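I set out to look up a few helices and salt bridges in this model. My entries follow in the order in which I made them.

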Amino acid sequence: MKIIVLVKQVPDTTEIKINPVTGTLIRDGVPAIMNPDDKGALELALQLKDKFGAEITVITMGLPQADLVLREALAMGADNAVLLTDRKLGGADTLATSRALSGALRVLGYDIIVGGRQAIDGDTAQVGPQIAEHLDIPQISYVVGMDYDGKNTYTVKKETEEGYQMLEVDGPCLFTVLASAYKPRYMNVRGIVEAYDKEVKIMDASMIGIDENMLGLKGSPTRVFKSFTKGIKQAGEVFEVSPEEAADLIVARLKEKHII
């Protein structure tokens, strides 16, 4: 089985600050980490490898320093790593990103593709499903459990707002995973040492078979106008009253604000 795991290097959002003048993220001095949902996806792939045998390739699209998260994935147990990097890919929105990655995936080949539900820096949950659409393969998102018959059929537990769904799908297919469902294993010393002995394959825009006008900023139909933090709200008033008095208070306040 050939598994490709999509990973992304993201800023640690617990350390993020926003420039109040430009409205953009301040990335200087902010530690970069592997996206948590992607770590869950890698753990799922590693569990399939442990049980059934598989070759796991991790791929990321980003700047050269994204090599660090690929080395981390290799140290956890991935077999191969690919860095898709090129100035022509810069400024990509989710659509252009998914186009570029789908081109790389066609070149690499796969039985299944696994990624995180969403990245913590954008929270769109769009790239995985868009890749499946570009590749014209079935997809299941919000995966929290999976069984495999050892041949080509996957029985998947998918989380929904109402509960769970149990689905069956044949490969090739794509899954996006919730980090809460798969606790990633730790790297060991041997894995860390071996990770830095392995070669990370570099791919650029010329190698993925996608029109360059459809990549990067040129191929992005959306733009981020501004980013900002939520304003601080004043503390609310606390009333210790009966349910009937509470209802009267609520109605009175709604009338004051001309809502009713």
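**Entry 1: helix α2**

I began just after α2, where G77 takes a positive phi of about 135°. Helices here are DSSP runs of H or I of at least four residues, strands are runs of E of at least two, and both are numbered from the N terminus. The model is predicted: local features need pLDDT of at least 70 and side-chain atom pairs count only at pLDDT 80 or more, while totals for chains, interfaces and linings use all residues. Residues are numbered from 1 along each chain as its sequence is written, and side-chain values use heavy atoms, with hydrogens and water left out.

Nine of the ten residues of α2 (residues 67-76) are buried, so the helix is largely enclosed by the rest of the structure. I listed the buried residues as D67, V69, L70, R71, E72, A73, L74, A75 and M76. Their cover includes α1 (36-52), β6 (55-61) and α5 (189-195).

R71 is buried, with a relative accessible area of 12%.

**Entry 2: T97**

I located T97 in helix α3 (residues 94-108). T97 is buried at 16% relative accessible area. Leaving aside neighbours within four places in sequence, I noted contacts of T97 with M61, A92 and V127, a contact being heavy atoms within 4.5 Å.

**Entry 3: salt bridges between segments**

I noted ten salt bridges in the structure. D50 pairs with R185, the closest N and O atoms being 3.1 Å apart. D50 lies in helix α1 and R185 in the loop between β12 (173-177) and α5, so the pair ties together parts that are 135 residues apart in sequence. D50 is exposed at 54% relative accessibility, whereas R185 is partly exposed at 28%.

**Entry 4: helix α6**

I checked the length of α6 (residues 243-256): its 14 residues should span 20 Å at 1.5 Å a residue, and its end C-alpha atoms are 20 Å apart, which agrees. The expected span is 1.5 Å times one less than the number of residues. α6 is followed by H258, which has a positive phi near 60°.

Note on methods: Buried means under 20% relative accessible area, exposed over 50%, partly exposed in between (1.4 Å probe, protein chains only). A salt bridge is a side-chain nitrogen of Lys or Arg within 4 Å of a carboxyl oxygen of Asp or Glu.
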